[in-house]
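Please look over the side-chain contacts in this structure. The report takes aromatic rings and charged pairs in turn.

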Amino acid sequence: AMRQTTLFTSVLPVLSSFAGFRIVAVIRHPVALCLSWLRLSQPLLSQGNPPGIARFWPEALAALQGGNLLEQYVALYELYVQRYHALGDAVTVLRHEDVLADPLCVSRLLGREDVPKAVARLQPVAPMQASAQAEALQQLFRKTGVYAKLYYPDLR
C-alpha cells in the first residue's frame, strides 16, 4: 500500500515488472481531486512527495511547470490515469466512489474476506459544490481528459 500517489505512479512500471503481488490503483473523480489539490496550503509536490520526483518521473514535474494551475493539475491527473491504463492487466484501477459503495471489492481482488485497513479508513468525499473552478476543471477535462474520461464518463 502506498499513499504517495506521485511516487507510487512514478515507479509503477518497475513495480509492475515483479511477480507475486497485485497492484490496485484507487482513483478519485478528477474534478474533486483537483479541487482538493487547490485547497492545499503548499504546492502539490511539497505535500509529502519527494522533491526529487524528476528523477523518477520527469513528465510529472513537467506537467506542473506549464500552463496555469488548473491546466497543470489536469495534465498531472491525465498522466496518472494514462500510466495506469498503459500498464493494462498489471494494474487494476478502481474508482474511489465504487470502493466506498462496496468496500469488499478490494478484498475480492486480493482473495481476502475482510476489508483491508486502508479501505476501512476511506472517507466519503463531500459532494462537489458548483464553482467557477469546478466548471473550469470540467471543461478542461472534457477538452483534454482522454484517460480521465475512460473512468469518469460524466466528463464526456
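What follows covers aromatic pairs, salt bridges and the accessibility of the residues in them.

## Model

The structure is a predicted model.

## Aromatic contacts

The model has 4 aromatic pairs. One of them joins W37 and Y80.

The W37–Y80 pair links distant parts of the chain. W37 sits in helix α3 (residues 30–38). Y80 sits in helix α6 (residues 69–86).

## Salt bridges

There are 3 salt bridges in the structure. R95 pairs with D98, with N to O at 3.0 Å. D102 pairs with R108 at 2.2 Å, N to O. R112 pairs with D114, and their closest N and O atoms are 2.8 Å apart.

## Accessibility of the charged residues

In the R95–D98 bridge, R95 is partly exposed at 24% relative accessibility. D98 is partly exposed too, at 36%.

D102 has a relative accessible area of 28%, so it counts as partly exposed. Its partner R108 reaches 52% and therefore counts as exposed, because the cut-off for that class is over 50%.

In the R112–D114 bridge, R112 is partly exposed at 38%. D114 is partly exposed at 39%.

Methods: Residues numbered from 1 in each chain as written. Predicted model: local features only at pLDDT ≥ 70, side-chain atom pairs only at ≥ 80, totals over all residues. Heavy atoms only, no water. Phe/Tyr/Trp six-rings, centres within 6.5 Å; stacked < 30°, edge-to-face > 60°. Helix = DSSP H or I, 4+ residues; strand = E, 2+ residues; numbered from the N terminus. Salt bridge = Lys/Arg side-chain N within 4 Å of Asp/Glu carboxyl O. Buried < 20%, exposed > 50% of the residue type's maximum accessible area, 1.4 Å probe, protein only.
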